[in-house]
Amino acid sequence: MSNLSFDQLIDLWNHDPIAFKETGKSYDLLQYFFSGASAECLIPFLRSQEKAVRETAAWIASELAYDACGLHEYLVNLINDESSSVRYFVLEHIALCSQKNHCESIVHLILALEDTEIIVRLQAMQLLPQISLKQIEGANIELRNRSSANVDTHRTGLYLMEHIDDIGRHTIREYLNDSKDGLRRRYGAILARKAFARYPDILQEALASTDSEIASFAQSEKELLAID
């Protein structure tokens, strides 16, 4: 634990957020939250006009996992933040904190597959294979109110995720190897991960994808699954 008190760390964060981050004080502050400090103390920092402050606050919230679910409204409000780091951490929060309530928030993971930054798209791809049927249903309902040009692709992708036990390897490969549509390839990779128990070879094939994003995703999943 830091030799600075909780209040001193908060004061330092308020007055010099760059130094606070660069000197590792965010890790010290996190220990106080782990020890019982209220996550609500993060609210003014999540609403800050300074990007570095929001990045640190979003990181702490993601580390707090379920203990930060009470901050859901404030974190979801940052889903389109200028910082890709903030968007990355918000997606992790949404995946965890929409399992019982706020299931409609999962739509943000779906739409993040179209993010301009690869780090955010990969985060969405890594989180989506784990979402529940209830979360898929929530995303489908919310998609009705969205104007994305790719709504039909998302709807079909969600349908295939929901019925993963009924689809064959041909369908997964068709998506994974689509030569024209990167979004369909991302859904193909997600489906390959969800169907890994039945078709482990498809995820292996994704490692050799000419789409570096798909290959990167497959590599990270291979490491998580400890595949030789």
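F6, Y32 and F33 form one aromatic cluster, where rings of Phe, Tyr and Trp (its six-membered ring) pair if their centres lie within 6.5 Å, planes under 30 degrees apart counting as stacked, over 60 as edge-to-face and the rest as tilted. The model is predicted, so that local features need pLDDT of at least 70 and side-chain atom pairs count only at pLDDT 80 or more, while totals for chains, interfaces and linings use all residues. Residues are numbered from 1 along each chain as its sequence is written, and side-chain values use heavy atoms, with hydrogens and water left out.

F6 and Y32 are both buried, that is, under 20% relative accessible area, with exposed meaning over 50% and partly exposed in between (1.4 Å probe, protein chains only).

Y88 and F89 also form an edge-to-face pair, with 5.5 Å centre to centre and 90° between the planes. Y88 is partly exposed at a relative accessible area of 24%, whereas F89, at 16%, counts as buried.

Y88 also takes part in a helix contact, made by S84, R87, Y88, L91, E92 and A95 of α7 with I119, V120, Q123, A124 and L127 of α9; contact means heavy atoms within 4.5 Å.

Definitions and conventions. Helices (H or I, at least four residues) and strands (E, at least two) are DSSP runs, numbered from the N terminus.
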